[in-house]
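The sequence and the structure come before the discussion.

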Amino acid sequence: MKEYDVISTRANRIDTPDKATGRAVFVDDISRPGMLYGALLQSPHAHAKIISIDTSAAEKLKGVKAVITSKDAGDIKYGVSPARYDETVFAIDKVRYVGDEIAAVAAESLDIALAAVELIKVEYEILPAVFTIEDAMKDDAPLLHEGSPKNLCAEVHQEFGNVEEGLKNSDIVITTKMKNKRQDGAFIEMQGCIAEFDNLGVLTLTSSTQVPHYVQRTVAMVLGMDVGKVRVIKPYVGAGFGIKASANPMELACCFLAKKTRKPVKMNYTRDQVFMLARARHQFSHTITTGAKKDGTLMAIKHECWLDGGAYTSFGIATVYYTGSLLGGPYKLDNMSYDGYRVYNNKPACGAQRGHGAVIARACFEQQLDMIAEKIGMDPLQLRIKNMMETGDTTCNDLNMSSFGMSECIEAVRKGSDWDKKKGHMPKGKGIGMACGFFVSGAGYPIYRSDTWHGTVIVKLTEDGGTALVYTASAEIGQGSDTAFAMIAAETLGIPLENIRLASGDTDMGVDLGAYSSRQTLMTGHATKDAAEHAKKQVLEVLAEQLKVPVESMDIRKGFIEFKGKAPDFSELRTRYIKEHRGWIDNPKSEKLTFREASRIAFLEKGSIVGTGKYKPHLLGGKFKGAAVGTSPAYGCSAQVAEVTVDMETGQVTIDKITDAHDCGKAINLTSVEGQMQGSVSMGIGETMHEEVIFDKQGRVLNHDLAEYKIVTSMDMPMVEAIVVESAEPNGPYGAKEVGEGAIMPTIPAILNAVYDAAGVRLYELPLTPERVYHAIQEYKEKNNIK
Amino acid sequence: MKKIINLTINQLAYETAVEPNKTLADLLRYDLKLTGTKKGCDTGDCGACTVIMNGDPVNSCLVLAVQANGSQIETVEGLSTDEGIHPIQNAFVEKGAIQCGYCTPGMIMSTKSLLDKNSNPSEQEIREGISGNLCRCTGYTKIFEAIESLRS
């Protein structure tokens, strides 16, 4: 196996010294001379016609610089997927949820802007509203969008193989339902942005976003500007988890305000506005039927799901496809059908969140695997191994597992959790459970149909000093991507990590589709490697010419030039380099020629050395409708074991330990990989145990703060043993693939299976509040005559 | 009407005029440009704005600037010295306890307050010490490791 100098280590992240000292700049830390402050007027009604808007009093307030409505912003529709654009910046004739944007104000201070918002008079005609799938589908239900009868936003029907036949040939057939609750991203930094125009008409939007590229395109389209005149900059971002993966209405309103006032305008969401915008995990209602042979062989899955979508499509079209496409694996299965429906209603729109579309389907299905195992008297871990896909296998819906360390993950958690000793031997009230999962390493296709490169990177060597500058438009949002790319660049160039300087998150640096679908390590990583190889080649070509040696006989490692066989005499080059630095005291004295000397000589011969790199996936997936969603150049996979204690008297579930193994291909930075695993587990625990966005009868979020919407705290977090399993992914840079989302896949079902092991009860609805678990235990006791 | 207040921040004396409804967090961030202290909710739930006031950790979004009159305030900017970054900051970097970094300044100030009072905290005391600081990225595991590495 090749030895690496930089990757595959625990190098300190390049961004964390600034983050630890408060120097890292997030959007709200920025101010501009003459900057104005913006505020939004949002609908207090879930569904209403707008009869009139009177902004005159707001405009007259001292300090107000602009008040804008749809009259200013126009009627261009935008959204996530071009075929499903259904939003306008401001409501035109009606509002569809509590929080729908109606107008915006820019003023000299935030207080004035907020006071002006209060002065805008809107006359509404209240319309009947619907808040559930059932109500939204009724024949007489009010329709949110013209052209969407029964408020059906999207439906998907797929069948692979022959499900009916597969179920007929099964010895065991299990049907269960599973339902989660709408989640919130609950990132700690609320969205914010600053928009400003220069005197040449160039718009710069600095924003807390995961996707500078998509925001750039949306802003250009909605404002009717040339894409080349819009620059989007992402400063440090306080995480996103999918919610910040599309342009939001505040960013667009801010651009319009900056255009109208010709001043920089800053806007921020408050925490309750974050809840109002939502765009986080949908509520899913699954019904899955799974068939298996007596020996445990899986035969078929019949899957139906209803998605509670909210008022707009957002990511929903991708979500409803992902929900179906990411279910069958990581198991061998020939027959699978899926009927998915996403329904509009008068709540905020749901979108993408870590594990996009797939986590609740998995929570349902992985419980069924345990039920099958129990029926046939097989260890659930063994049942999974029996059906496991192997490297090179392709699912019935055409997802190819080009590397797949799934069995290694299972063995790792078996050993790590001491499964064989514990399973079946836990005292009453204590339980152990496991589950598996997999996820894409980047969406195979961009959100808009295009032949675009998914990532481009520039590596420019400094003209002196032996440092390499890496420029990428990718989005560091906390996951550690900047460090991963700096490490890949250093490894590829053959220089130490400290000789890399990296800048990212700026659309002026190139195209990068951004931080979503766990794509950056693989895709931007490829482009980084490509760019670094290009720069390195140019340096070595100059050396080859100067030293009269073949270019293939040279390499660069640890900052030195390596020659195959006897090193040529490079004293002339060294003398030339030293002459460039008369009076300097750190001239090279090493036996080997340094990269610093080589890159300087290359500059003297050829001018600035710039390497360019690019990446897009090869053609992926099948030909059926929706085949694009779920395709990826590679798939990460994971297995988890959860150990829990259930208080049989109160229904309180305590998670004692999680053992998690994840195959991320080659781990570029081991510490960052573990961090993604532990973070994924914590989000999965939150969704399992207590997260739920609650609405009142008028469609208003009741728990719109981080006190009442409960994410995992330091008091709740169990011990997590993170085991990194490496495989060699042929489609990944240095063999690397995803870890950011796959690691959340098994968490919920592993806990649910452990709760069953502990208490004998199956839970089909989340979260596991003590009340819900208590009732399940009571029901179980009554049914089994237990006192 | 603004009110004049005097306070010491990171061992520097400040005299400043503030609106009576201005929070300490806003004074630090927007008036004094000490933007290392973050705001994640403005309602005292997330702990991102934690600073040390007269030796105790506080949510600076719940303290009015006028209440801080006469106080000693420590913020994340005050931890590094000419010798380099503070051992707590270094431990967070070394152990990978930082991802997005938005909760980090508050988390570090809570850690400092914890360790100032108890140089050898138990696992439970560490958990309690940062229980007012929410982190959505790390799952806390590496934060625990960082703090454990600082035990005397």
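## Helix assignment and helix α1 of chain B

Helices are here DSSP runs of H or I with at least four residues, and they are numbered from the N terminus. The model discussed throughout is predicted. With that convention, helix α1 of chain B covers residues 24-31, and the residue K33(B), which follows α1(B), has a positive phi near 60°.

Helix α1(B) is mostly covered, with six of its eight residues buried; these are L24(B), A25(B), D26(B), L27(B), L28(B) and R29(B). Strand β2 of chain B, residues 12-18, is included in what covers the buried residues of α1(B).

Helix α20 of chain A runs over residues 747-759, and its 13 residues reach 18 Å from the first C-alpha to the last, which is close to the 18 Å expected at 1.5 Å a residue. Burial extends along the helix, since 13 of the 13 residues of α20(A) are buried. After α20(A) comes G760(A), whose phi is positive, near 75°.

The largest nonpolar core holds 304 residues, and V755(A) is, together with V105(A), L257(A) and A489(A), among those that touch the most other members. Helix α16 of chain A, residues 520-547, supplies the largest share of this core, namely 11 residues. When residues up to four places away in sequence are not counted, V755(A) touches G431(A), V644(A), V646(A), V653(A), V761(A), L763(A) and L768(A).

## Crossing of α17 and α18 in chain A

The axes of helix α17 (residues 571-579) and helix α18 (residues 595-606) of chain A come within 10 Å and cross at roughly 80°. An angle from 65 to 115 degrees counts as roughly perpendicular, and α17(A) and α18(A) are therefore roughly perpendicular to each other.

On the side of α17(A), the contact is made by L573(A), R574(A), R576(A) and Y577(A), while α18(A) contributes E597(A), R600(A) and I601(A). By residue class, this contact of α17(A) with α18(A) divides into three nonpolar and four charged residues, with no polar ones.

## Contact between chains A and B

The contact between the chains takes 41 residues from chain A and 38 residues from chain B. On the side of chain B that touches chain A, the elements giving two or more residues are α2 (87-94), α3 (104-117) and α5 (141-148) of chain B. Of these, α2(B) provides the largest share, with four residues. The residues on this side of chain B comprise 17 nonpolar, 14 polar and seven charged.

How values were computed: Residues are numbered from 1 along each chain as its sequence is written. Chains are lettered from A and ligands numbered from 1 in the order in which they are written. This is a predicted model: local features need pLDDT of at least 70, side-chain atom pairs count only at pLDDT 80 or more; totals for chains, interfaces and linings use all residues. The expected span of a helix is 1.5 Å times one less than its number of residues. A residue is buried if 20 or more other C-beta atoms lie within 10 Å of its own, exposed if 12 or fewer, and partly exposed in between; C-beta atoms are placed from the backbone. Two residues are in contact if their C-beta atoms, placed from the backbone, lie within 7 Å. Ala, Val, Leu, Ile, Met, Phe, Trp, Tyr, Cys and Pro count as nonpolar, Asp, Glu, Lys and Arg as charged, and the others, Gly among them, as polar. A nonpolar core is a set of buried Ala, Val, Leu, Ile, Met, Phe, Trp, Tyr and Cys residues joined through C-beta atoms within 7 Å. Axes are lines fitted to C-alpha atoms, for helices over the stretch in contact, and angles run from 0 to 180 degrees between N-to-C directions. Angles under 35 degrees count as roughly parallel, over 145 as roughly antiparallel, 65 to 115 as roughly perpendicular and the rest as oblique.
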